[in-house]
Amino acid sequence: MDNINKNNIIEVKNLVKQFKKVKAVDDITFSVKEDEIFGFLGPNGAGKTTTINIICTLLSKTSGEVILNGYDVSRERNKIRTCIGMVFQDPSLDDRLTALENLYFHGLLYNIPRKELKVRSEEVLEMVNLTNRKNSLVMTYSGGMKRRLEIARGLLHYPKILFLDEPTLGLDPQTRNKIWDYIIKLKKNKKITIFLTSHYMEETEICDRIAIIDEGKIIALDSPENLKNIIGGDIITILSEDNIKLKEYINDITGVEIHDAKEGKIRFEVKDSSSFIPKFIKNSPVKILSISARKPTLNDVFLDLTGREIREENASAKDTMRMRMRGRMRH
Amino acid sequence: MKKELIGMYTIWLRDIKRYFRDKPRIIGSFAQPILFLFVLGTGIASSFSTFGGGGGKEFLNFMFPGIVGMTVLFTSFFSAMSIVWDREFGFLREVLVAPISRTSIVVGKLLGGSTIAMIQGSIILLFSPLLNIPITFLIFFKVLGIMFLVAMTISTMGIILASVIKSMQAFQVITNFLLMPMFFLSGALFPLNNTVEWMNVVSKINPLSYGIDAMRFAILNNSELQLYPMWLNITVLVCLIVVLSVLGSFLFNRQE
């Protein structure tokens, strides 16, 4: 353990999780630095939640090493549990209790002294703007409010690390943006490490570092900027009358790889699109029907690394149950 | 240690609070016992005269403790089985990452479910004047004790099943293939000593038989209807609770 960096609050080494038939996590190694926002990005079923569940002591590992805040995940579970806050993918509030009661129960479980608990409850409710609804039953809350309350609850015992597993799943875009605003605000005001997962590419851009995970493996780990640099410039998409001739022409002047895109378009990358496009159109041997250029996104990075886009997997038994529970909870 | 006790208390308190907030559940929980006792029971009792024979009123009295037992059975079983979904989509998930032991969670859950079952059972006891069954304070406390033992036995079984099964579909299967037979073959609805031999044998390995027998003796105080001595009933239940709760917390502790 002597080679563990002091600034790393989470150290994961050669972690493997084998379920009966599938290898959900396949030999991953990474570390999370203290006070950073660290993101796990990948499609459903990539192993994000499995990894988080192992780190937060809900699931045992098949092999490998996980150290959190200096504690071993298999041997010092209770010590790990006191220093992490969790916001799960599925709601874990009791909807027949009020917001304040949910916080009260959380405080009891984490052994927060009663007086202190009152002060902190008010503090965290204020932070997520739920003070005026604190005595309402959670079942009357909207999805966004529930998620905010879960974030508040996760912070109540002053954890060193806050885990957010798909914090915006199932929320509408406007509410999603709000949740991210709270998370950014939280990061500004508190000294805390945030570990989040998402399969919404754009949303993980607030992270200091991102691990792109696919089929149980980490395929890239870097800052969002550096990840986007993998693409090597702006992305140009063209619709033309003769793709074959156009490809030859592009190859002659740039030498870059050309991909087929949707709707019969072709796609390639260049360093500086604003000076490239005018020259390109002027000298083109075929008629160009449309051309567009844009900055690369993390979506493009994923596409580039895996050859496919992030999309929903087939619904598992658990997803079916999840949908049913969502329906039940709306009543 | 204090932390663990607070943990148990938290789990218990949550179940109790939820129960009293769920008014439809409280009202709904009357429906089934009333249906069994006053519709099915009265119907069967009056059919005795059709086929020759008396004892209709005695039959209703016989059935009453069985209905109290039924209420305790279903309430405590469903409370323990709620772990199945609460673990994935509910508050229990939050409890599982809190710094308290799995054993405290199990004990808190057992006590919570049992308390609710005892409350529900006591509500059914309120119908006793309609059947001219006197319930004194002494009888009430005896019944309360037996309800607690039955509820704990069934809850520990529920916890074991909930630790093993993971889906709601399996839950339905268990209700139909375990819970209903257990109820029918417990002596709650008809006497077991005069039926066919296989029923007699099955009822002897059914833990609920002992609970119902104890319940019947405590409420009616009629030794003619008693199948087993009281000490045997209580010993069987206590032993089961000890063995099953150890097994239950072991299974619940086991990580995936």
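A residue is taken as buried here if 20 or more other C-beta atoms lie within 10 Å of its own, as exposed if 12 or fewer do, and as partly exposed in between. By that criterion, buried residues make up 36% of the 331 residues in chain A of this predicted model. In chain B, 43% of the 256 residues are buried. The prediction as a whole carries an ipTM of 0.86 and a pTM of 0.85. For chain B, the average pLDDT is 90, and 99% of the residues reach a score of at least 70.

We may begin with chain A and its overall build. This chain contains 11 helices and 14 strands, and its C-alpha trace spans about 75 × 50 × 40 Å along the principal axes. Of the contacts in chain A between residues at least 6 apart in sequence, 71% join residues at least 24 apart. The domain assignment divides chain A into domain 1, covering residues 8-227, and domain 2, covering residues 231-306. A distance of 39 Å separates the C-alpha centres of domain 1 and domain 2 of chain A. Where the two domains of chain A meet, 11 residues of domain 1 are in contact with 7 residues of domain 2. On the domain 1 side of this meeting, strand S9 (209-214), strand S10 (217-222) and helix H7 (224-229) of chain A each supply at least two residues. Sorted by class, that side of domain 1 of chain A has 7 nonpolar, 1 polar and 3 charged residues.

A:Asp27 is not a glycine, yet it has a positive phi of about 60°. This residue, A:Asp27, sits in strand S2 of chain A, which runs over residues 23-33. A:Asp27 counts as partly exposed because it has 14 C-beta neighbours inside 10 Å, a count that falls between the limits of 12 and 20. A:Asp35 likewise is a residue other than glycine with a positive phi, here near 70°. Its place is the loop between S2 and strand S3 (37-41) of chain A. With 16 C-beta neighbours inside 10 Å, A:Asp35 is therefore also classed as partly exposed.

Chain B is built from helices: 11 of them are present, with 0 strands. Read from the N terminus, the elements of chain B accordingly follow the order α-α-α-α-α-α-α-α-α-α-α. The C-alpha atoms of chain B fill a box of roughly 65 × 35 × 35 Å along the principal axes. Among contacts in chain B with a separation of 6 or more, 80% are accounted for by residues 24 or more positions apart.

It remains to describe how the two chains meet. The contact between them takes 26 residues from chain A and 26 residues from chain B. On the side of chain A that touches chain B, the elements giving two or more residues are helix H2 (77-82), helix H3 (99-109) and helix H11 (317-330) of chain A. Helix H11 of chain A gives the most to this side, with 4 residues. By class, the side of chain A that touches chain B has 15 nonpolar, 6 polar and 5 charged residues.

Technical notes. Residues numbered from 1 in each chain as written. Chains lettered and ligands numbered in written order. Predicted model: local features only at pLDDT ≥ 70, side-chain atom pairs only at ≥ 80, totals over all residues. Nonpolar A, V, L, I, M, F, W, Y, C, P; charged D, E, K, R; others polar. Domains from an automatic or database assignment. pLDDT = per-residue confidence, 0-100.
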